[in-house]
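Me: I'd like to learn how to read side-chain contacts in a protein model. Could you walk me through this one?

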Amino acid sequence: MAIKTTELLPSSSPEELKKVLQSVASDWGDVIDDSDALQVIPLKGAMTNEVYQIAWPAKNNGLARNVLVRIYGEGVEVFFNRDDEIRTFECMSSQGQGPRLLGRFGDGRVEEFIHARTLSAADIRDPKISELVAAKMREFHDLKMPGPRKALLWDRLRKWVSVAKSFCSAKDAKEFCLYTLKDEISMLEKELPNDHQEIGFCHNDLQYGNIMIDEETSSITIIDYEYASYNPVAYDLANHFCEMAANYHSDTPHILDYSLYPGLEDRQRFIKTYLSSAEKQPSETEVNQLVDDAEKYTLANHIFWGLWGLISVSISASHFFISPFIYIRMFKSLTSADLQAYVNKIDFNYKEYARQRFQQYWMKKQELLSSSTIRQKINVNGHVSISLKKVSDS
């Protein structure tokens, strides 16, 4: 659906945005005299931003020029620092990774439009595509980025627990064990592999929608770095494996199907490719060690996205994800149905998503933490609460 106006862009800085687009066009030898010459195409699927493809006819040949305009979502500061994310994007762009940064305005930016296909849920389970992703992931982890090379995971989890407790009702806080979750996080920080664990620059949200493939060259591009930071590479691998259970473009995008979680051979193949792409052939021991480490780090990943879901319940109910059309009065000829069609709306049950992630955590904890003795207690509501008693060294 293309709309011949930029006024439907939900930016609080529309005039600034127009000037940025005119500047970008000028750099390419084009002239944008009339805003009606711009086509605005809403792109679906983004959860933390409004994303649009903007096109205009090139001056010389009339072919369409394309850029991507990203309007920042409100409320996301509880998840990540937008200034840090922008610095990451700029640094990635300067290193030839991802789309180029073309311009910035008050509440968003203009990016290079990548002529490639976004992967589907089925694509990331395709062995050939999966190998390409594994090699690109190794390249991503090796990037030299600003900031201390230490894991951000644990501090972020503790912060999110505090945020979730402040947002959730007492009933939800009890159901999701929020009052004891910091103890769980401290336990994981101690129990999960650490001494030998490589720290790399991790994407932390490598789901299929953040991966693009050029069909002609088979090159992979990783996009959207809101959650990116230094972390154990095993955690990023764990996140990618967990994302294989998701299909965010189904009728029930919040429902996870863990029968699709990759089996041992698939994980070994992915990690062997990942390690091999670093210009060396890994030993079987090295592959199995990282496979085992990544499997343990799925526990931290379940807590991470479980907390994200709980926090998102409250934020999405107020001003998150669906930006207001602040210039509706200028389009009296459009019906409410027309306007609704332009909104990047996602029917996503955040609480149910959070519930599934926490259920996976409690269910897998005993199996994956063999160094601990765990006593499980099933609550009357069917959820699992647990106490931990560390096995004494003998």
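Predicted model: local features only at pLDDT ≥ 70, side-chain atom pairs only at ≥ 80, totals over all residues.

Me: Let's start with the rings. How many aromatic pairs are there?

Reply: A pair of aromatic rings is described by the distance of the centres and the angle of the planes. Here the count comes to 26 aromatic pairs. Take Trp154 and Tyr297: the centres are 6.5 Å apart and the planes sit at 40 degrees, so this pair is tilted. Trp154 belongs to helix H4 (residues 153-167) and Tyr297 to helix H9 (residues 284-318), so the pair ties together parts that are 143 residues apart in sequence.

Me: Are Trp154 and Tyr297 buried or exposed?

Reply: Both Trp154 and Tyr297 are buried. Now compare the geometry of Trp308 and Tyr350, an edge-to-face pair with 5.7 Å centre to centre and 70 degrees between the planes. This one also links distant parts of the chain, with Trp308 in helix H9 and Tyr350 in helix H11 (residues 350-368), 42 residues apart. Trp308 has a relative accessible area of 4%, so it is buried. Tyr350 counts as buried too, at 8% relative accessibility.

Me: Which residues do ring pairs link into a cluster?

Reply: Among them are Phe79, Trp160, Tyr208, Phe304, Trp305, Trp308 and Tyr350. Rings can also meet a charge: Arg109 lies over the face of Phe89, 4.1 Å from the ring centre.

Me: Next, the nonpolar core. Which residues touch the most other members of the largest one?

Reply: Those are Leu188, Ile271 and Leu307, in a core of 85 residues. H9 gives the most to this core, with 15 residues. Not counting residues up to four places away in sequence, Leu307 touches Leu157, Trp160, Val161, Ala164, Leu178, Leu181 and Phe358. There is also a second, separate core of 16 residues, including Val20, Val24, Leu38 and Val40.

Me: On to strands. Why is strand S5 described as largely enclosed by the rest of the structure?

Reply: Check burial residue by residue. S5 covers residues 108-112, and four of its five residues are buried, so the strand is largely enclosed. Then look at its partners. Strand S3 (residues 64-72) runs antiparallel to S5, joined by five bridges, with Ile71 opposite Gly108. Strand S4 (residues 101-105) pairs with S5 over four bridges, again in the antiparallel sense, and Leu101 has Glu111 as its bridge partner. The hairpin from S4 to S5 goes through two residues.

Me: Last topic, the charges. How many salt bridges does the structure hold?

Reply: The structure holds 23. One of them joins the side chains of Arg70 and Asp224 at 2.8 Å, N to O. Arg70 sits in strand S3 and Asp224 in the loop between strand S9 (220-222) and strand S10 (229-232), 154 residues apart. With a relative accessible area of 4%, Arg70 is buried. Arg70 and Asp224 are linked with Glu85, Arg109 and Glu111 in a network of salt bridges.

Me: What are the closest N and O atoms doing in the salt bridge of Glu90 with Arg104?

Reply: They are 3.1 Å apart. Glu90 lies in helix H2 (residues 82-94) and Arg104 in strand S4, so the pair ties together parts 14 residues apart in sequence. Glu90 is partly exposed at 30% relative accessibility, and Arg104 is partly exposed at 44%. For one more case, Arg117 and Asp123 meet at 2.6 Å, N to O; Arg117 is partly exposed, whereas Asp123 is buried at 12%.

Definitions and conventions:
Residues numbered from 1 in each chain as written. Heavy atoms only, no water. Phe/Tyr/Trp six-rings, centres within 6.5 Å; stacked < 30°, edge-to-face > 60°. Buried < 20%, exposed > 50% of the residue type's maximum accessible area, 1.4 Å probe, protein only. Lys NZ or Arg CZ within 6 Å of the ring centre and 35° of its normal. Core = buried A, V, L, I, M, F, W, Y, C linked by side-chain atoms within 4.5 Å. Contact = heavy atoms within 4.5 Å. Pairing = 2+ DSSP bridges. Salt bridge = Lys/Arg side-chain N within 4 Å of Asp/Glu carboxyl O.
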